[in-house]
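Here is a briefing on the pockets of one protein model. Look over the structure first, then read the points below.

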Amino acid sequence: MLFETLLLVIIIGYIRKGKISNLEDLPLKGWPLIAAGISVYFFQIFTLRFSNGDIANTVFNNLKWFQAASSIAIIAGLLISSRDTEYILSSLGMLLNMIASFVNGGRMPVSPAVLERLGLLEQLSVLQAGGTSVHQLMNETASLKFLCDVIPIPIVTPKAASIGDLILSTGIFLIIHKYMISSKALHS
């Protein structure tokens with residue numbers, strides 16, 4: 001949902017006479033933690049997709065811990081940066097997604113019914129074959145199903161989303177919008 005969120009906020013920001021250059025005023029004191037969390041996230045994905053052997057096995061067997069470390073670092077970085085509502089919302093969305101992934105072994109369960117309803121049969125096939133590095137097919141043993149990818153999003157690029165995705169996207173939207181539409185932008 002990140003692509004759709006960024007596209008929407010930039011379009012609305014420009015309509016409201018905002019400027020992308022105002023994003024340089026974003027409070028990101030916690031950027032080193034955010035960068036570390038993103039690095040851990042991409043490390044696990046690239047390791048699982050492009051390597052074999054001991055490293056890939058270690059990452060896969062500890063996937064929930066890699067996911068948790070990544071999420072906790074990003075959440076901490078966001079909260080160090082600002083305690084404004086939009087940063088708290090983004091952190092809450094990350095936390096909900098982390099919980100859903102953690103209790104399900106490190107990969108977010110995705111509803112097969114939602115994928116079928118959206119016509120995402122190729123994604124369904126991938127998940128039926130074992131999933132991806134961050135997603136798996138939801139089954140009857142999945143925990144906290146209400147936090148998993150069970151919400152159909154039929155617009156732009158159809159997908160199954162979680163309540164955490166929606167809260168995270170709302171927070172990101174509000175952060176970017178707030179700084180695009182700063183008083184500097186509206187009065188220049």
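The largest pocket is lined by 40 residues, and L2, Y41, M94, D165 and L168 lie nearest its centre. Elements giving two or more residues to this lining are α2 (31–50), α4 (63–81), α5 (85–103), β1 (108–110), α7 (121–128), β4 (159–161) and α8 (163–180). The model is predicted: local features need pLDDT of at least 70, side-chain atom pairs count only at pLDDT 80 or more, and totals for chains, interfaces and linings use all residues. Residues are numbered from 1 along each chain as its sequence is written, and side-chain values use heavy atoms, without hydrogens and water.

**Terms**
- A pocket is an open set of points on a 1 Å grid over the protein atoms alone, where a 1.4 Å probe fits, with protein on both sides within 12 Å along at least five of seven lines; lining residues have an atom within 4 Å of a point.
- Helices (H or I, at least four residues) and strands (E, at least two) are DSSP runs, numbered from the N terminus.

**Largest pocket**
- Its volume, the space filled by probe spheres set on the points, is about 1,500 Å³.

**Second largest pocket**
- This pocket has a volume of about 230 Å³.
- Its lining includes M1, E4, I153 and F173.
- α1 (2–15) and α8 each supply at least two lining residues.
- α8 gives the most, with four.

**Confidence**
- The chain averages a pLDDT (the predictor's confidence in each residue, from 0 to 100) of 93, and 97% of the residues score at least 70.
- Confidence is lowest in helix α9 (residues 183–186), at a mean of 50, and highest in β1, at 98.
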